[in-house]
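Keep the sequence and the 3D view open side by side. We will walk through the model one region at a time.

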Amino acid sequence: MSFDLDQLVRENVKRLTPYSSARDDFHGAAKVFLDANENSLGSPLPRWYNRYPDPHQLKVKERLSSIKRVPVNNMFLGNGSDECIDILQRAFCEPGLDNLVICPPTYGMYEVCANINNVQVKKIKLTPEFKLDLGAIEQGIDANTKMIFLCSPNNPTGNSLHPEDIEAILNNYFGIVIIDEAYINFSRQRSFITMLSEYPNLVVMQTLSKAWGLAALRVGLSVASEEIIAIMNKIKPPYNINQASQELALQALNEIDQVNEMIKEIVQEREILSAALVNLSFVKKVYPSDANFLLVKMDDPLAVYQKLLNQGIVVRDRSRVELCEGCLRITIGTAEENKTRLYAVASIS
Ligand SMILES: Cc1ncc(COP(=O)(O)O)c(C=O)c1O
């Protein structure tokens, strides 16, 4: 068996004639645009907001291309990586027929999206050490398994998956392998983006929502072969990244030094908070984290959650999630926020 993209794509997607936006039909410098039913008088905002944005987001992609060292044609931008998740499922998974694999505990949207798209989800749990269970994955895959979602570093456990386990999957499974690297910038692991040329079935997702601090803009990134990217482009909404987000993302992408400083500070704070939490009597375990959050196991997580909430501090209750029993997930805040939170948590004991 080998990878055959054409066999994986849904028939209706293969047959699809994509929407062609007004500006797709015209190349060159026009004086007057009367092709897209925009408001030619302008807008209450800076004048250019009356125009539809670049559907291909070329400027943002060019900047990202030089940062990530990936050609523009190997890049897809989504309205957050959440849109990439949805588009990948809709491109490859036939509702009511195909299935996909996730490895819980993991990011919730893979499953929610599959439920919306009526795609069966095969849940193959991580081991108690939060490692991939390669044997169970091999057993769980069948002829209709179109894709596997791997999250590294994983949310909510915080650990990176072992690269050799991911490679074992890439070498032996010929559906689409999606590696969600939303938190990669907080980790010492190398991105799988560098492996793109070796694996035609690999899709790496990253986002501007975490290390780049741009969650409000909704810009997520998928990197894959030109062929996979072309399929994603075929089915995306024409103007999925709005003009304001494109402009602001472009501006932010020039500030890489500032972002690197923030990453350094968050990683330092993570270690400080982790060391302090471990010392609290009711904290059973602080899991090692490669991300911008900590998974913390404690005696009575719901009581701690409620008491923090009473002080206006919101953390994420993961105590009912399998393999995360007894755990809260705490995002690393500013040094000041972390101190306040630690004080609040310590006062609970
Ligand atoms: C693992 C993971 N992937 C993707 C996302 C969503 O990213 P975006 O904001 O780009 O949609 C999150 C958000 O928390 C996440 O934890």
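Helices here are DSSP runs of H or I with at least four residues, strands are runs of E with at least two, and both are numbered from the N terminus. Asn118, for example, lies in the loop between H5 and strand S3 (120-123). Its phi is positive, about 55°, although Asn118 is not a glycine. Remember throughout that this is a predicted model.

A second residue of this kind is Leu323. Its phi is about 75°, again positive, and Leu323 is not a glycine. Look for Leu323 in the loop between strand S10 (316-317) and strand S11 (327-331).

Now turn to the loop between S4 and helix H7 (163-172), where Pro153 has its place. Which form does the peptide bond from Ser152 to Pro153 take, cis or trans? This bond is cis, with omega near -5°. Pro156 is found in the loop between S4 and H7 too. The bond that joins Asn155 and Pro156 is also cis, and its omega is about 15°.

Next comes the ligand. Which residues come nearest to the ligand? There are 13 residues around it, and Ser81, Asp180, Tyr183, Thr207 and Ser209 come nearest. By class, this shell has 4 nonpolar, 5 polar and 4 charged residues.

Zoom in on single atoms. Asp180 places a polar side-chain atom 2.6 Å from a nitrogen atom of the ligand. Ser209 also uses its side chain: a polar atom there lies 2.6 Å from an oxygen atom of the ligand. With Asp82, the backbone takes part instead. A polar backbone atom of Asp82 is 3.1 Å from an oxygen atom of the ligand. How much of the ligand does the protein bury? Taken alone, the ligand exposes 400 Å², and the protein buries 92% of that.

Empty space is the next topic. Rolling a probe the size of a water molecule over the atoms shows where empty space is left. A cavity is space where the probe fits but cannot get out, while a pocket is open. How many cavities of 30 Å³ or more does a search of the whole structure find? The search finds 3.

The largest cavity has a volume of about 60 Å³. Ser152 and Pro153, the two residues of a cis bond, are among those that line it. Other lining residues include Leu161, Ile166, Ile179, Glu181 and Phe192. The lining of the largest cavity divides into 7 nonpolar, 3 polar and 2 charged residues.

The second largest cavity has a volume of about 50 Å³. Among the residues of its lining are Leu64, Lys68, Glu181, Thr207 and Trp212. Helix H3 (58-68) and strand S6 (202-207) each supply at least two residues of the lining of the second largest cavity. Its classes are 5 nonpolar, 3 polar and 2 charged.

Now for open space. The largest pocket holds about 470 Å³. It is lined by 17 residues, and the closest to its centre are Lys68, Ile184, Asn185, Ser191 and Gln206. Which helix gives the largest share of the pocket lining? H10 does, with 5 residues. H3 and helix H10 (256-278) each supply at least two residues of this lining. By class, the lining of the largest pocket has 7 nonpolar, 7 polar and 3 charged residues.

Finish with the aromatic rings. A pair of aromatic rings is described by the distance of the centres and the angle of the planes. A search of the whole structure finds 6 aromatic pairs. Take Tyr110 and Phe149: their ring centres are 4.6 Å apart and their planes stand at 15°, so the pair is stacked. The cut-off for stacked is an angle under 30 degrees. Tyr110 lies in helix H5 (residues 109-116) and Phe149 in strand S4 (residues 145-151), so the pair ties together parts that are 39 residues apart in sequence.

Technical notes. Residues numbered from 1 in each chain as written. Predicted model: local features only at pLDDT ≥ 70, side-chain atom pairs only at ≥ 80, totals over all residues. Heavy atoms only, no water. Near = heavy atom within 4 Å. Polar contact = N/O pair within 3.5 Å; in protein donor to acceptor, adjacent residues only side chain to side chain. Areas by Shrake-Rupley, 256 points an atom, 1.4 Å probe, with all protein chains shown as cover. Nonpolar A, V, L, I, M, F, W, Y, C, P; charged D, E, K, R; others polar. 1 Å grid on protein atoms, 1.4 Å probe; cavity = no way out; pocket = protein on both sides within 12 Å on 5 of 7 lines; lining within 4 Å. Points joined across faces, edges and corners; volume = space filled by probe spheres on them. Phe/Tyr/Trp six-rings, centres within 6.5 Å; stacked < 30°, edge-to-face > 60°.
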